[in-house]
Amino acid sequence: MSQQAYTLRQLNLMVRDAIEAELSDEYWVQAELSECRENRGHCYMELIEKDEQSNTPIARASAKCWKTTWNVVRPHFERTTGQPLHAGMKVLLRVYPQFHEAYGFSWIVTDIDPTYTIGDLARRRQEIIVKLKQEGVFDLQRELCLPLFCQRIAVISSETAAGYGDFCRQLEENDYGFRFSVTLFPAIMQGEQVEQSIIFALNQIYSASSNLPPLGETFGASGPPPNGGDEKGAFDCVVIIRGGGATTDLSGFDTLALAENVAQFPIPVITGIGHDRDESILDMVAHQRVKTPTAAAALLIDNLKRVADRIADARQRIPTLAIHVITDHLHRLELLQNRLPVAIERRLTVQRHRLENLSIQLQGYDPQRLLSRGYSITLYNGRTVRDASQLKPGDEIETRVEKGSFKSIIK
Amino acid sequence: MNENLKYEEALAQLETIVRKMEDGEYNIDEIAAQLKDAQRLIKFCQDKLTKTEEELLKIQAERN
């Protein structure tokens, strides 16, 4: 049988010709990146389309962006979206097809429209925000209060970040001589691992705050933290900072799991992850957000300064107020003291009057008063004679007059 | 009088005596004794206040 067989190369070249003939234009295509890596200045991507319901892939293809294009497209994309191309991102690419007999099929990328990605990111952010609100956790952090003496600070940052150094220096060199105890919980602050890494650090802080021995370097042998390590936990607040890195990739701070963890964290979380464009979701759920690590330190110093001012103010006012209290009481005593003699005098006067009235009443019964008006009293055997028939002739009676008395015999 | 008496208790006792005195609730026989009590309470309260005031002034002086 002399059936003609092609070599693979011949057949592939036919495919190549067919594609070049039939699909000679460039096309805009929407796709999700399932992989994205740079090699020798070229960018290699894996594109995927998923079924909206089942999320299973229904189309796949490789795509390449050659160095010369990539060098132009990448800075524009990163400047506009604020983050590099990475897996999971939705992109709008201008492509033309290429079938290479040796390397197979690929879409060659000639342009990327970042506004599509921005729209997609915004939509996803919005979905996360809506979810957080539905869960009722979106505002939880803002319902917390920074403690008055907020001095035991748990920092989540990358150890080598310039921002962490700035933060520590700023706290250390505050103008008021306040002392802070800073404990670092190292975390990766950019790229894909941000979410997991920060959540891990938060869990460490949580454990350290739940009556377990603190993990950080500041405590331990050097004695208790400034507040005496009360039962409320080892830390007064958490500060998440980054800074010093060249990249503006903040996509790691926009995830649901991270937002949920921060929002429900039991002590206030302050963010200083520095960026100019929209707030990240992490910022939105945080207790307070500032732009830079330095600003985070300034916030903590200000908080303590306000407390110190209140103390100074109280210290100023208390002695005067105390003297006022004493003076008021002395006055009150004086008033009480003055009421006593008045009350007693009134009481005695009433009694005197009663006595006087009694004595006047008694005077009315005094027989001497009758005698002095010319009446006399007759006595027989020492008793007053009220009835003449009681007497018989020969009885001796005594008669009392105003002055003296005399005796007589009844006839 | 009880030395451990609190200022507020002393003041309350004193106010009671004054009120009863004004309302004529004491017998004449009691008045003198009650007056004596009242005066002791007044002295007690004044002493407390004066002592506290002196302490306050001393603390203030130490601060300045």
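Against which elements of chain A do the buried residues of α5(A) pack? The legends below take up this and other views of a predicted model.

**View 1. Helix α5 of chain A and its surroundings.** The buried residues of α5(A) pack against two groups of elements: the strands β6 (152-157), β7 (181-186) and β8 (237-241), and the helix α6 (256-263), of chain A. Helix α5 comprises 16 residues, 194-209, and spans 22 Å from its first C-alpha to its last, close to the 22 Å expected at 1.5 Å a residue. Its buried residues include A:Val194, A:Ile198, A:Ala201, A:Leu202 and A:Ile205. An α-helix has 3.6 residues a turn, so residues three or four places apart point the same way.

**View 2. The barrel of chain A.** Five strands of chain A close into a barrel with mixed pairing, in the order β1-β2-β3-β5-β4. From one strand to the next, the twist averages 50 degrees.

**View 3. Strands β3 and β5 of chain A, with helices α2 and α3.** Strand β3 (residues 57-65) and strand β5 (residues 104-112) of chain A pair in the parallel sense over two bridges. Opposite A:Trp107 in β5(A) stands A:Ala63. Helix α2 (residues 67-81) of chain A lies across β2 (42-50), β3 and β5 and runs at about 50 degrees to β5(A). Helix α3 (residues 114-134) of chain A packs on the sheet, where it touches β1 (27-39), β4 (90-100) and β5; its direction makes about 130 degrees with that of β4(A).

**View 4. The contact between chains A and B.** Chain A contributes 15 residues to the contact, and chain B contributes 18 residues. On the side of chain A that touches chain B, ten residues are nonpolar, three polar and two charged.

How values were computed: Residues are numbered from 1 along each chain as its sequence is written. Chains are lettered from A and ligands numbered from 1 in the order in which they are written. This is a predicted model: local features need pLDDT of at least 70, side-chain atom pairs count only at pLDDT 80 or more; totals for chains, interfaces and linings use all residues. Helices (H or I, at least four residues) and strands (E, at least two) are DSSP runs, numbered from the N terminus. The expected span of a helix is 1.5 Å times one less than its number of residues. A residue is buried if 20 or more other C-beta atoms lie within 10 Å of its own, exposed if 12 or fewer, and partly exposed in between; C-beta atoms are placed from the backbone. Two residues are in contact if their C-beta atoms, placed from the backbone, lie within 7 Å. Ala, Val, Leu, Ile, Met, Phe, Trp, Tyr, Cys and Pro count as nonpolar, Asp, Glu, Lys and Arg as charged, and the others, Gly among them, as polar. Two strands pair if DSSP finds at least two bridges between them. Axes are lines fitted to C-alpha atoms, for helices over the stretch in contact, and angles run from 0 to 180 degrees between N-to-C directions.
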